[in-house]
Amino acid sequence: MNYSYEEIEKKIDDSHNSEKEMWKWINLYIKKSKQNKNQETLLYAYRIASKSSNYPNSFKYADSTLMIGKKSNDKKLISYAYLNRGTIYMEAEKFSDALDDILLSSKFSEEIGDDYTYYKAKYYIAQNKIYLGLYEDANKELEKCVEYFKSKSNSNDPLGKSYSMYYLYSLMIYIDTNIKLGKQSENQKLINEAFKYIESKNLLVYKPYFTLLEGTGAFYKKNYKAAIDKLTESLTSYNDQWPHITDIYYLGLSFWHSGRKKVAIKYLEEIDNEYNKTKKLNPNFRTAYEILIKYNDSIGNTEKQLEYINKLMALDKSYEKNYKYLYNRINKEYDNQKLIDEKNKIEKSLNTQKITNLILLFVSILVVSIFFIRYRKLQNTYKKRFEEIIAQSDAKKLELKTNTIKTAVVENLEKENIQNEHKFEIELKEASFDYNYFNKIQGLNPNFVERILNQLEDFENENKFLDTQISQRLLSESFNTNATYLSKIINVYKGKTFNIYINDLRLDYILEFLKNDYKYLNMDIKELSRLSGFSNTENFSDNFQRKFKMKPSIFIKMMKENLDSNP
């Protein structure tokens, strides 16, 4: 128990190759902190324990870390704990939970000016962006992380902080995103800088990771021989217990593109072996399964081919759930429909004796019948919905016309009673003010509510909702109120959220042009979305589908048919 906390952390770092030795020092760290009633070092000890454990123990230690942080009421410790649990969530591929915790850590650390934790959180936010396929955004975040951690990395790390480690971590991923973005011109300089730093600090355990980046860069430059040399060097240089799938993956791809397919398959099968163990796989490694499917198809091994197809389909379901944006960005050769078609083809070839022409004919007729019925039903649904939209729009126009007439009548009455103008205005105001109507929101003055509703009416009449920059904050400021009050009034009196309220106004606006001016029916969706104030085509189409229960292209087609048949 005579070791200092710094010495214990150093012992833990030095024993990473021996799990038994490492846990001896971790347990000592926990025990010493508890005996000294030192909450900060106890949090550090549990943080290391969570990083060194497998599920579910990793979460138990992470929750203990957060419990200590909250109990201390120290925002610095709370931010440490949230960041730690966020990284544990990331390792478990619980990305939404991870991002919640990391953003909380970033918030707390920024509030107290804790730059170390703030930039660590930024580093992990960049990792989340990489998982989502947002390489450009991640690259910008990582550049700032590299700059910060580098500026602090030349002195010895204080207790609980690892400037040197996060400098190298940030630099690794920054270089990797440069490769993915085709910005390799500065990479060799950065790699040489890393090697020099590693030598000066005697951090040789990190050297193979930068050798890997040299190999990865060579692969993307299609210099497969250099890639194989560097990746082989990195793979044989690690001195830890990790599987290093990235090195194996790029070695497999390099051999495949070099024409040495049998050697490539051996490496790529290791990717499958790792998936069999963990049931987790980075989406960037998807190509491994595409090649395994293609290779087994070429040698006629249909059982293996079917096995890999099933795994790839299972992975795609996982990607769709965990990597929502990245899923659509992956350049995949085997899309879902192709996999389904190929799977059915192989299963059919393995069971041809069980299939008869009669069953095929029956299935074909059934599918065609179902398709025809669904098509007719869908057409009838669209027709009914189209008629409802036109009827609703006409009803709104009638209501507007009625209100205009009422306004004109009131104006005439005012002129006729000009001698009693002041008295009339007071009586009219008192008679027209419906207290109960404007008193629906507890805590808001009815006169204030009436004023905001009148401003909203002017906002609608002047078509200010067409401004693509309009936001709840900007509109509330122009009304001399705050966003919360405006939101409540719109929710209660318009029956909608702010965004739906604005988008519905835009849709009703463009609908009138589509109904009454044929030239708008000949415009493309992009132009219609611009004219109606939407920032992009996708947003316009999604909202049109939401409000009118049909795509804008279908409505336009039916409107053309309607106008052509009723010239």
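Okay, some housekeeping. Because this is a predicted model, local features need pLDDT of at least 70 and side-chain atom pairs count only at pLDDT 80 or more, while totals for chains, interfaces and linings use all residues. Residues are numbered from 1 along each chain as its sequence is written, and side-chain values use heavy atoms, with hydrogens and water left out.

So, the big picture. The chain comes to 29 helices and 0 strands; those are DSSP runs numbered from the N terminus, helices being H or I with at least four residues and strands being E with at least two. Of its 567 residues, 41% count as buried. Buried means under 20% relative accessible area, exposed is over 50%, and partly exposed sits in between, using a 1.4 Å probe and protein chains only.

Now let's look at α14, residues 261-278. This helix has 18 residues and reaches 26 Å from its first C-alpha to its last, close to the 26 Å expected; that expected span is 1.5 Å times one less than the number of residues. Its buried residues include I265, L268 and Y275.

How do α14 and α15 cross? Their axes come within 10 Å and cross at roughly 125°. Axes here are lines fitted to C-alpha atoms, for helices over the stretch in contact, and angles run from 0 to 180 degrees between N-to-C directions. That makes the pair oblique, since under 35 degrees is roughly parallel, over 145 roughly antiparallel, 65 to 115 roughly perpendicular, and the rest oblique. On the α14 side, the contact (heavy atoms within 4.5 Å) includes K262, I265 and L268, and on the α15 side, Y289 and L292 are among the residues.

Next, S79, in helix α5, residues 75-91. Is S79 buried or exposed? Buried, with a relative accessible area of 0%. Leaving aside neighbours within four places in sequence, S79 is in contact with S105, F108, S109, D114 and T117. Its C-alpha is 9.2 Å from that of A121, 42 residues apart along the chain.

Last stop: loops. Most residues other than glycine have a negative phi. N73, in the loop between α4 and α5, has a positive phi near 55°, and N73 is exposed at 66% relative accessible area. K222 lies in the loop between α11 and α12; its phi is positive too, near 65°, and K222 counts as exposed at 64%.
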